[in-house]
Amino acid sequence: MSSSRRSRSRQSGVPRITDDQLAHLVSKLQHLIPELRRSRSDKVAASKVLQETCDYIRSLRREVDDLSDRLSELLASTDMDSEQAAIMRSLLM
Amino acid sequence: MNKYNPPRMNPSSLRSRFATRFLRSLSEINAQKPTASSSSPTEIFRRYRRIKVAADKSMAYSVRSRRTWSRAMLWKLRTRPCGRRSVKTSTIVRKTRHEKQNKNTTTATTTGEDGVVSGVEADELRELVPGGEAMDLYNLLDETAHYIKCLTTQVQVMKKIADFYSP
């Protein structure tokens, strides 16, 4: 799978990823990550993109955690059914 | 110049599928609360766990089996025992992790345009994306992009709901 060691590759069942494909996917990720979007540069090292991606995923999951926590406390004093339609409308707008 | 292509999946339809399912789960969780102790720390913690699972479940079911990561997450959710112990379940699911200790044999090292992608970062990413252990680098990056989009949708919807119910 290593493009720099083509002649020695013995993994016949594994598709080889080209530099272009890799660069495209890394660039796609780069655009999804706020930290890297801000840098405005196209030349972010792939390893840095992956590192930032890991950090970003972890921070998103922490946010989901915190929001679950917040919701669990909010639900303590709420009756949900009657307001659901209103929420849905505001969510989908 | 690398032009970023807009996502194939319409974010608002994923958002509405997720929101519908999640709201339904929330009202079910809400209906189950024992009125006497609904504000006790234990109850709140239990609700927190259920809400967390509901958030992941709603997202996985909204994506269904279209993605490797969602299939992996659905499998994990279906095989977890009802109730607590979600930590132990994820340990069972990741029993293959010890096989990944040999980073040199299982992880590819590829040289991209922007530099070397080391196996270490890819492995770290594999642990974060559901089902990542079995993905090759190309699929891993592709799945990660979609997973991130879904996570951000999840966060956006949950935020809106929380803001709605905040005093």
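Tyr48(B) is buried in this predicted model, because its relative accessible area is 14% and the limit for a buried residue is under 20%. Phe45(B), by contrast, has a relative accessible area of 45%; this value lies between the limits of 20% and 50%, so the residue counts as partly exposed.

These two residues belong to one element of chain B. Both Phe45(B) and Tyr48(B) lie in helix α2, which covers residues 41-63, and they are three residues apart, or about one turn of the helix. Over all chains, there are four aromatic pairs. Phe45(B) and Tyr48(B) form an aromatic pair with a tilted arrangement, in which the ring centres are 5.8 Å apart and the planes stand at 45 degrees to each other.

We now turn to the interface of the two chains. The size of an interface is often given as the accessible area lost when the parts come together. Between chain B and chain A, about 5800 Å² is buried, and 69% of this area is on carbon and sulfur atoms. Chain B brings 60 residues to the contact, and chain A brings 58 residues.

The rule finds 10 residue pairs in polar contact across the interface of chain B and chain A. On the side of chain B that touches chain A, α1, α2, β1, β2, α6 and α7 each supply at least two residues. The largest share, 22 residues, comes from α7(B). By class, this side of chain B has 31 nonpolar, 15 polar and 14 charged residues. Five salt bridges are counted between chain B and chain A. One of them joins Lys28(A) to Asp142(B), with the closest N and O atoms 3.2 Å apart.

Terms used: Residues are numbered from 1 along each chain as its sequence is written. Chains are lettered from A and ligands numbered from 1 in the order in which they are written. This is a predicted model: local features need pLDDT of at least 70, side-chain atom pairs count only at pLDDT 80 or more; totals for chains, interfaces and linings use all residues. Side-chain values use heavy atoms; hydrogens and water are left out. Rings of Phe, Tyr and Trp (its six-membered ring) pair if their centres lie within 6.5 Å; planes under 30 degrees apart count as stacked, over 60 as edge-to-face and the rest as tilted. Helices (H or I, at least four residues) and strands (E, at least two) are DSSP runs, numbered from the N terminus. Buried means under 20% relative accessible area, exposed over 50%, partly exposed in between (1.4 Å probe, protein chains only). Contact means heavy atoms within 4.5 Å. Buried area is the accessible area (1.4 Å probe) that two parts lose on being put together, summed over both. A salt bridge is a side-chain nitrogen of Lys or Arg within 4 Å of a carboxyl oxygen of Asp or Glu. A polar contact is a pair of N or O atoms within 3.5 Å; within protein, one must be able to donate a hydrogen and the other to accept it, and residues adjacent in sequence count only if both atoms are side-chain atoms. Ala, Val, Leu, Ile, Met, Phe, Trp, Tyr, Cys and Pro count as nonpolar, Asp, Glu, Lys and Arg as charged, and the others, Gly among them, as polar.
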